[in-house]
Amino acid sequence: MKKIILFLLLISSLYSDAKVYIGSSYGFLNEDYTNGIDAVSSAQMAKLKVGYGDRDAYAIEFSLEYIENNSKIFSANDKEKYGFNVELVKALDFDIMINPFFKAGFGAGFLNVERAIQKTINYSSFNLGAGFFIPLNEHFDFEVGYDYKYLTYEGVDTIAEKISYESNVNVAYIGFNVRF
Amino acid sequence: MNLFKTSFLLLTAFFFIACGDNTETPITADVSSISIDQTNPTIRSTDAFINLTASAQYTDGTSADATTKVNWTNSNYNVVSMLGGAVEAVANGGESNVSISYADFQDTQALTVHKLTSFFISSADINTTGVFPLEAKGNFDNNETNITLVKNIVWTANNGATISIADNIASITIYVGDTNITATVFKETNTSSPIAPITKTYTVN
């Protein structure tokens, strides 16, 4: 894990114009559970992030996300999800009005549930994303993007067995970034 | 134009993603209770062991085997010993409360060990040398009679005879001469009516 983080930091630090930036985003997500599990979730999400890099090259982003929960999948009273993500962003500069980007990373999070044995279920995620920055000036830009996440949840303890669930999450979002 | 197309695609994705459904019924029923499947189980003091089983009950009315998942304990290890749900008597009679637990769930059942009241060596007569099975049968305080004793019986013999036990079955290798075979159950010294050992003599010419 340390090697991965150091590697990502090295890549981003190699770019001479790298800058620290912060941003926030808001979006909607759809979650479909895999392995024939008939369960879906649709919710709003919000994200705060801090990154280091350039909007037309590489950057590394650390983000905290909040995901609303309107579904009752793990219990009759599933709560919101809170997550943390680390992603490497590769942006491109085609001398057009936008800077397309791709990103990949991973994350982890949890949601509180009301089950007899478990009160919290943790999850990990593998993240892929794409979108574009819309620069306003040197310091500000909008961000429009799509994220795909593959979530693996901690096993649900039924005493007789621990049942693990996985899901595909599609997120569409808009955001705003401030670069220093 | 490209910006317009991209924005249109993303807004369309936004629309569809925002219009998703939500599951309203949990996909995994919650645990409502756990229980020992046998109500007030009993065991004879000389039985090999009995296997108790446990189940988890769920809010949707279903249940599942949880025998190997729950923690098993009993209140009187001087009466019975336990390994998981396997129970074996270690005393000639008595009671113990057998319990299971998992997280905040638990269940308890009273377990009775039926006392051996008398016994006898039931092996067939032996009049030649060789290897022969040994068997004893007994009567219990629940009015069961002629039950084969499997555990908590000790066999001894003289005249050079050797006794071996495999799979709870005792065998004797007997030689020429008079051989005294003694069966002893529960060497209890602190009870008012211990069961006396029984000796049987086999003669081989």
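Visitor: What is the strand order in the open sheet of four strands in chain B?

Guide: Please keep in mind that this is a predicted model. The order in that sheet of chain B is β2-β10-β9-β6, and the pairing is mixed.

Visitor: Which strands are at its edges?

Guide: The edge strands are β2 (42–44) and β6 (71–74) of chain B, each of which pairs on one side only. From one strand to the next, the twist averages 25°.

Visitor: Is the pairing of β2(B) with β10 parallel or antiparallel?

Guide: Parallel: β2(B) and β10 of chain B, residues 105–114, are paired over three bridges. Within that pairing, I43(B) stands opposite V113(B).

Visitor: What is the order in the open sheet of three strands in chain B?

Guide: That sheet runs β3-β8-β7 in chain B, with antiparallel pairing. Its edge strands are β3 (50–51) and β7 (80–83), and each pairs on one side only.

Visitor: How many bridges hold β7(B) and β8 as a pair?

Guide: There are four bridges between β7(B) and β8 (residues 86–89), in the antiparallel sense. One residue pair to look at is L83(B) with its bridge partner A86(B) in β8(B).

Visitor: Moving to chain A, how many bridges join β5 to β6(A)?

Guide: Strand β5 of chain A, residues 99–112, is joined to β6(A) by 14 bridges, and the two strands run antiparallel. In that pairing A104(A) stands opposite L128(A) of β6(A).

Visitor: And what about β6(A) and β7(A), how many bridges there?

Guide: The count for β6(A) and β7(A) is 13 bridges, with the strands again antiparallel. S125(A) faces L151(A) of β7(A) as its opposite residue.

Visitor: What holds paired strands together in general?

Guide: Strands of a sheet pair through backbone hydrogen bonds, in a parallel or an antiparallel arrangement.

Visitor: Now the interface. How many residues does each chain give to the contact?

Guide: Chain A contributes 40 residues and chain B contributes 32 residues. Between them the two chains bury about 2800 Å², and 66% of that area is on carbon and sulfur atoms.

Visitor: How many residue pairs are in polar contact across it?

Guide: There are 11 residue pairs in polar contact between chain A and chain B, counting pairs with both residues at pLDDT 80 or more.

Visitor: Which elements of chain A give two or more residues to that side?

Guide: They are β1 (19–33), β2 (40–53), β7 (140–153), β8 (156–157) and β10 (166–179) of chain A. The residues on that side of chain A divide into 25 nonpolar, 10 polar and five charged.

Visitor: How many salt bridges are there between chain A and chain B?

Guide: The count is one salt bridge. R115(A) forms a salt bridge with D30(B), where the closest N and O atoms are 3.5 Å apart.

Visitor: And how many salt bridges over all chains?

Guide: A search of the whole structure finds 15 salt bridges. Among them is the one in which the side chains of K19(A) and E138(A) meet, at 3.1 Å from N to O.

Visitor: Where in the chain are K19(A) and E138(A)?

Guide: K19(A) is in strand β1 of chain A, while E138(A) lies in the loop between β6 (120–135) and β7 of chain A. The pair links distant parts of the chain, 119 residues apart.

Methods: Residues are numbered from 1 along each chain as its sequence is written. Chains are lettered from A and ligands numbered from 1 in the order in which they are written. This is a predicted model: local features need pLDDT of at least 70, side-chain atom pairs count only at pLDDT 80 or more; totals for chains, interfaces and linings use all residues. Side-chain values use heavy atoms; hydrogens and water are left out. Contact means heavy atoms within 4.5 Å. Buried area is the accessible area (1.4 Å probe) that two parts lose on being put together, summed over both. A salt bridge is a side-chain nitrogen of Lys or Arg within 4 Å of a carboxyl oxygen of Asp or Glu. A polar contact is a pair of N or O atoms within 3.5 Å; within protein, one must be able to donate a hydrogen and the other to accept it, and residues adjacent in sequence count only if both atoms are side-chain atoms. Ala, Val, Leu, Ile, Met, Phe, Trp, Tyr, Cys and Pro count as nonpolar, Asp, Glu, Lys and Arg as charged, and the others, Gly among them, as polar. Two strands pair if DSSP finds at least two bridges between them. Axes are lines fitted to C-alpha atoms, for helices over the stretch in contact, and angles run from 0 to 180 degrees between N-to-C directions.
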